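I set them down in the order in which I looked things up.

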Amino acid sequence: MHKPLLLFLLCFASFHSLSQTFIPLDEETLEFVDDVNYQLYLKKEKVFSGTCNNNNVTIMPEVAFDSVSFSKVSYKTLGLWRGEIEDKVLLTKSYLTLDEVVITSEKKKQFVIGEKNRFIRRQSRSIVKDLDYGIVLANNYGKDLEIQKLVFYVEKVKYKTAYKIRFHQFREDLLGIGRSIADAGPLRYATETLYLNPKQKNAIEVPLERDALVLDGKPVFIVFELLGYYDENDNPVQPANTELTKIKFEISDTANYYCRTVDYETRIPSKGLFNINAMINYDFAHMFFTTPAKNDIVTPAVLLYGSE
């Protein structure tokens, strides 16, 4: 190989290794944030200024930098060292508050159980009457937490939807390497009948009764139960499949999504719920000798908020 060509390839590889990618997301809704400005700095001197690629991954220019700042109207400016940049950058909205009143000087620290990852566009699942799927969340903080609210995310609601959220003990059986099956154990707590109204979308907050659910180190199995759909006159209706109320799914770094499967030949549903992500990871590793695409490992977007 000619020396000039070799030097060019080495320089290209070196510069390419410096590039980083990210997506700006709203910390609360986990949706893309459009028109975010970012500036790159090296030793406190600005070396680049640009705008994030809307609804897509932004590739930083191949320049030397040690820190970056993100800014957008109505959001708090975020500054990060280069080593802190991840593939998703969470931006926090800034709110103007007047006459703020402090009720007490003692504020309990809030803990969050669950993942805050990017939603998979066009991937969601309708709330159903039967126990067809659920998510397992565990308190890994090493202290008992009283759960005060649950947050989940929905596509835009078309019809008024009545539902309940049930919290069960988690019960799982190992069927073999890469295979496990679970079912809902004894009920620990269930909400009263809740409603989603037409045009609601994204984050839905569900406050829980005081002392209703205290989590220790044991995981809890969370199930959404559909009770019915209603029109504008509160008459029961059965929407088309495209108009059902659906829970959003997000990219997952865990294996906590359990789902009933269907036999390919008989079309008979399984009796228990399989750990879908564990099964996908195992099959890819032992059949294709690789890992699945990041978008293949997903889970319902559900968060628990609690305090000591």
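Entry 1: I note here that the model is a predicted one. Strand S12 covers residues 160-176, and strand S13 covers residues 179-190. I counted nine bridges between S12 and S13, which run antiparallel. The two strands form a hairpin, with two residues between them. In the turn I looked up Gly178, whose phi is positive, at about 80°.

**Entry 2: other partners of S12.** I then asked which residue of S17 stands opposite Lys160. I found Tyr230 in that place. S12 is joined to S17 by ten bridges, and these strands run antiparallel. I also followed S12 to strand S14, residues 194-196, where three bridges pair the two in the antiparallel sense. Opposite Thr161 I found Leu196 of S14.

**Entry 3: charges over rings.** I returned to Lys160 and looked at its charged end, which sits over the ring of Tyr195 at 4.8 Å from the ring centre. I recorded a further case at Lys149, which lies over the face of Tyr305, 4.7 Å from the centre of that ring.

**Entry 4: aromatic pairs.** How many aromatic pairs does the structure hold? I recorded 15 of them. Are Phe22 and Phe70 buried or exposed? I found both of them buried.

I next took up Phe152 and Phe224, with ring centres 4.8 Å apart and planes at 55°, so this pair is tilted. Phe152 lies in strand S11 (residues 145-154) and Phe224 in strand S17 (residues 220-230); the pair thus links distant parts of the chain, 72 residues apart. I noted that Phe152 and Phe224 are both buried.

**Entry 5: a cluster of rings.** Last, I asked which residues ring pairs link into a cluster. I listed Phe22, Tyr38, Phe48 and Phe70 as its members.

Notes
Residues numbered from 1 in each chain as written. Predicted model: local features only at pLDDT ≥ 70, side-chain atom pairs only at ≥ 80, totals over all residues. Heavy atoms only, no water. Phe/Tyr/Trp six-rings, centres within 6.5 Å; stacked < 30°, edge-to-face > 60°. Buried < 20%, exposed > 50% of the residue type's maximum accessible area, 1.4 Å probe, protein only. Helix = DSSP H or I, 4+ residues; strand = E, 2+ residues; numbered from the N terminus. Lys NZ or Arg CZ within 6 Å of the ring centre and 35° of its normal. Pairing = 2+ DSSP bridges.
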